[in-house]
Amino acid sequence: MAADDSPSKQTSGRPQLSSMRTSSYLKEHQQYRPPKHPDSHFGIDTVVEDFQGSRISPPKSFSPFNGVPSKDEPPRILEGASHGFTHPNCAPSRGTRSDRLVATLIYKSTSTRAAHATPSPRLASSNSDIPANLAPTTNIESFPLEPPAAADPEPLDHLYGSYISPLCITSFLHLMSTFPLPQGVNETTSSHRCLDDPEHPLVVELTLSPAPSPNYLSLADLRKHELIYRFEREWNVDVALQHDILWRRHPRLVVFDMDSTLITQEVIDLLAAAVTHPPDLAAKVADITHRAMLGELEFDAAFRERVSLLKGLPATIFEQLRSILNITKGVPELLTAFKRLGIKTAVLSGGFLPLTSWLAGELGIDYAYANEVVIDDSGRLTGEVKGRIVGMERKQELLLEIAKREGIAIEQVVAVGDGANDLLMLDTAGLGVAWHAKPRVQLEANARLNGESLVELLYLFGLTSEEVDLLTA
């Protein structure tokens, strides 16, 4: 019994909680934990939160730093953080090339065409003391008695904030860490920029170095990866992946489709609506248009068929339609920014030249190409098309012709479209952007935008909202 009461037995207590965990709540609870750096590594981004419990430098008396920074004597900060110097975002060593990947995350905040979208807290205009995005309504009388029926799981932005939240960024970095690195590389570095608002950003630019191994997954395949699509659906964002090269920040030619891109309508459907006999003509033409844009029908043949149904319409119909064209939100501001940056613009439309050339003149677009219809002596459409149809192949040829005429490298050309007849044009350009596009185009394009303003295109070039405001003022 005496042995059981020995001092050594009494002094050996149970493990203390402080010895089992760090003092950092983030370190204990974050879902993504980057790989631990070896003790000899000093990174400018390395921050030791628990200075007494975990040191990256040998124990020595703490004193303010005086002298030249070195590995043995890194600069110290009195608050307890220890910083050193590495060069993950600097110019590469001579004879080598940088291999950085830029991911632009754009939140589809208030877009009416984006499923599950809700306003950002910073955009809420309510006097209620209930935080935005916390309850479906502030009116107790209209509060739902049952939860809404939903086929899909609750989007994560509903749970963590209607913006690019820190957890959203963490989730994306964790996703990217699952892809193999180039041979000989053991770790990655990442940095971020909030391009519009540091508190509740709707656009965040992430730079990862190095990019995932191209031997395992090319950039084209990475953009189409199922994990990227799943992340976009879960967080209600668009993800644009680009190599961090000079041409990304300095485009010189931007080419647009017209229908459902520069304007929100399809012109040929508007023309068909003007025909009252037969009464179902407008619906028939709209169905052919929809199937052609999905890629189910060959565009040239489908266009000739639709134009033949418009036989007898007066040529003055094009002037009458000018007033009802609905320009996509952000287009005038975007083109103003391009003018100030010295960027050439073009519209390549599978529609009709009279409206296309008029719209280009109104918006200040440099080049305009579209289809010409045959008009008889009485001033009415014959139902025939003059010359070659501006379809998929012709759009690609025109893009190359304009770039050659202006002396612009294809890497500095950007194309924007929505339909299957834009696919070759999008694939040929240095950056092809699908704007509220059909499913096949969303899948094939280099980048996709599904927000509410085409001004978002400027964020893909690395511009901040401050710079965008300056350019569009």
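User: Why is Ser213 called buried?
Analyst: In this predicted model, Ser213 has 7% relative accessibility. Buried means under 20%. The value 7% falls under that cut-off, so Ser213 counts as buried.

User: Where is Ser213 found, and what does Ser213 touch?
Analyst: Ser213 sits in the loop between E3 and H5. Not counting residues up to four places away in sequence, Ser213 touches Pro180, Leu181 and Pro182.

User: What makes Gln412 buried or exposed?
Analyst: Its relative accessibility is 8%. The cut-off for buried is under 20%. Gln412 therefore counts as buried.

User: Where does Gln412 lie, and which residues is Gln412 in contact with?
Analyst: Gln412 belongs to the loop between helix H14 (392-406) and strand E9 (413-417). Leaving aside neighbours within four places in sequence, Gln412 contacts Trp247, His250, Pro251, Arg252 and Leu253. Take Pro251: 161 residues separate Pro251 and Gln412 along the chain, yet their C-alpha atoms are 4.4 Å apart.

User: Is Cys90 buried, exposed or partly exposed, and what about Cys168?
Analyst: Cys90 has 38% relative accessibility. Partly exposed lies between the buried limit of 20% and the exposed limit of 50%. So Cys90 counts as partly exposed. Cys168 has a relative accessible area of 1%. That is under 20%, so Cys168 is buried.

User: How many disulfides does the structure hold?
Analyst: The structure holds 0 disulfides. To count, a pair of cysteine sulfur atoms must be within 2.5 Å. A disulfide is a covalent bond between the sulfur atoms of two cysteines.

User: Which residues of helix H4 are buried, and how do you know that they are on the same side?
Analyst: H4 covers residues 166-176, and its buried residues are Cys168, Ile169, Phe172, Leu173, Leu175 and Met176. They cover an arc of only 155° around the axis, so they lie on the same side of H4.

User: Why are H9 and H10 called roughly antiparallel?
Analyst: Two packed helices are described by the angle between their axes and the distance between the axes. Helix H9 (residues 281-294) and helix H10 (residues 299-308) pack at about 170°, with axes 10 Å apart. Angles over 145 degrees count as roughly antiparallel. H9 and H10 are therefore roughly antiparallel to each other.

User: Which residues of H9 and H10 meet?
Analyst: From H9 come Val285, Ile288, Thr289, Ala292 and Met293; from H10, Phe299, Ala302, Glu305 and Arg306. By class, this contact has 6 nonpolar, 1 polar and 2 charged residues.

User: What makes H12 and H17 roughly perpendicular?
Analyst: The axes of helix H12 (residues 331-341) and helix H17 (residues 465-472) cross at roughly 85° and come within 8 Å. Roughly perpendicular runs from 65 to 115 degrees. The angle falls in that range, so H12 and H17 are roughly perpendicular.

User: Which residues of H12 and H17 meet?
Analyst: Glu333, Thr336, Ala337, Arg340 and Leu341 in H12 meet Leu470, Leu471 and Thr472 in H17. The classes in this contact are 4 nonpolar, 2 polar and 2 charged residues.

User: How many helices and strands does the chain have, and what percentage of residues count as buried?
Analyst: The chain has 17 helices and 11 strands. Of its 473 residues, 43% count as buried.

Technical notes. Residues are numbered from 1 along each chain as its sequence is written. This is a predicted model: local features need pLDDT of at least 70, side-chain atom pairs count only at pLDDT 80 or more; totals for chains, interfaces and linings use all residues. Side-chain values use heavy atoms; hydrogens and water are left out. Buried means under 20% relative accessible area, exposed over 50%, partly exposed in between (1.4 Å probe, protein chains only). Helices (H or I, at least four residues) and strands (E, at least two) are DSSP runs, numbered from the N terminus. The arc is that of the directions from the helix axis to the C-beta atoms. Axes are lines fitted to C-alpha atoms, for helices over the stretch in contact, and angles run from 0 to 180 degrees between N-to-C directions. Angles under 35 degrees count as roughly parallel, over 145 as roughly antiparallel, 65 to 115 as roughly perpendicular and the rest as oblique. Contact means heavy atoms within 4.5 Å. Ala, Val, Leu, Ile, Met, Phe, Trp, Tyr, Cys and Pro count as nonpolar, Asp, Glu, Lys and Arg as charged, and the others, Gly among them, as polar.
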